[in-house]
Amino acid sequence: VLHEIRGGTFLDEEVAWDSTDTVCKILGRSLNAVTDKVTVEWFESLSVFPEDVIIPVQTVIVLWSELKGLTTRRCHKINAVLDKLNIIECIEVENERCIRLHDVIRLHAIKTAEEKHGGSLQSQHETLVAGYSKQTQGDWSKGVQDGYFFRYLPYHMLEAGRRDDVTSVLTDLSFIHARMESLGTALLHTHLRDTIDALRRTDCA
């Protein structure tokens with residue numbers, strides 16, 4: 001099942017699924033059959049990442065290192081296991097190791113993680129933000145230029161409940177300059193949209 005989902009053939013078949021929940025239940029049984037509890041835990045932690053996003057392996061390492069204190073070598077081994085099981089897809093983008101998560105597999109990760117964390121992934125996002133904070137020593141403008149950090153740090157801050165921090169970072173000139181260097185001025189509208197969204201959510205809190 002996992003192999004066919006990742007390859008795109010599973011959902012292309014003309015099968016009358018009752019709902020997305022049905023697919024997730026089948027996927028859950030498949031995962032339980034081929035993985036141990038520890039591997040499933042690492043898989044579920046990937047639920048923090050946005051939909052349809054290429055994720056640098058270094059970002060995954062930040063998450064797992066903060067979550068369980070894993071070494072870089074151990075993180076790479078877990079990635080290899082998940083890839084072999086067709087849970088994730090390991091790819092290379094511009095000479096950088098990355099992973100990709102199928103939408104259906106990601107949805108299952110979210111559902112199972114939410115069940116364990118009372119319907120919220122806030123603590124998971126906080127783990128990643130805390131790891132980033134250690135990596136940058138609290139200076140967000142010093143984040144890695146991998147195309148992910150500067151694009152999605154505000155997203156993870158918001159989901160972690162750090163509304164004051166996200167407002168501060170999005171109006172910090174050093175961060176804005178570093179973000180434009182990473183994403184390009186063509187994505188200035190992304191920065192403005194993130195800033196407006198953050199301010200709205202802060203006002204509603």
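Modeller: In strand 3, Cys 98 is the bridge partner of Pro 56. Strands here are DSSP runs of E with at least two residues, helices are runs of H or I with at least four, and both are numbered from the N terminus. This is a predicted model, in which local features need pLDDT of at least 70, side-chain atom pairs count only at pLDDT 80 or more, and totals for chains, interfaces and linings use all residues. Residues are numbered from 1 along each chain as its sequence is written, and side-chain values use heavy atoms, with hydrogens and water left out.

Biologist: What makes strand 1 and strand 3 a pair?

Modeller: Two strands pair if DSSP finds at least two bridges between them. Strand 1 and strand 3 (residues 96-100) are joined by 2 bridges and run antiparallel, so they meet that rule. Strand 2 pairs with strand 3 over 5 bridges, also antiparallel, and there Cys 90 stands opposite Ile 99.

Biologist: Why do strand 1 and strand 2 stand at the edges?

Modeller: The open sheet has 3 strands in the order 1-3-2. Strand 1 (55-56) and strand 2 (89-93) each have a single partner strand, so one side of each lacks a neighbour in the sheet.

Biologist: Why is the contact between Glu 44 and Lys 116 called a salt bridge?

Modeller: The term needs a side-chain nitrogen of Lys or Arg within 4 Å of a carboxyl oxygen of Asp or Glu. For Glu 44 and Lys 116 the N to O distance is 3.0 Å, so the pair qualifies. Glu 44 is in helix 3 (residues 37-45) and Lys 116 in helix 6 (residues 103-116), 72 residues apart.

Biologist: Is Glu 44 buried or exposed?

Modeller: Buried means under 20% relative accessible area, exposed over 50%, and partly exposed in between (1.4 Å probe, protein chains only). Glu 44 has 8%, so it counts as buried, while Lys 116, with 56%, is exposed.

Biologist: How confident is the predictor in the chain?

Modeller: On pLDDT, the predictor's confidence in each residue from 0 to 100, the chain has a mean of 82, and 79% of its residues reach 70 or more. Over residues 9-18 pLDDT stays under 50. Where pLDDT is low, the predicted coordinates should not be read in detail.

Methods:
Contact means heavy atoms within 4.5 Å.
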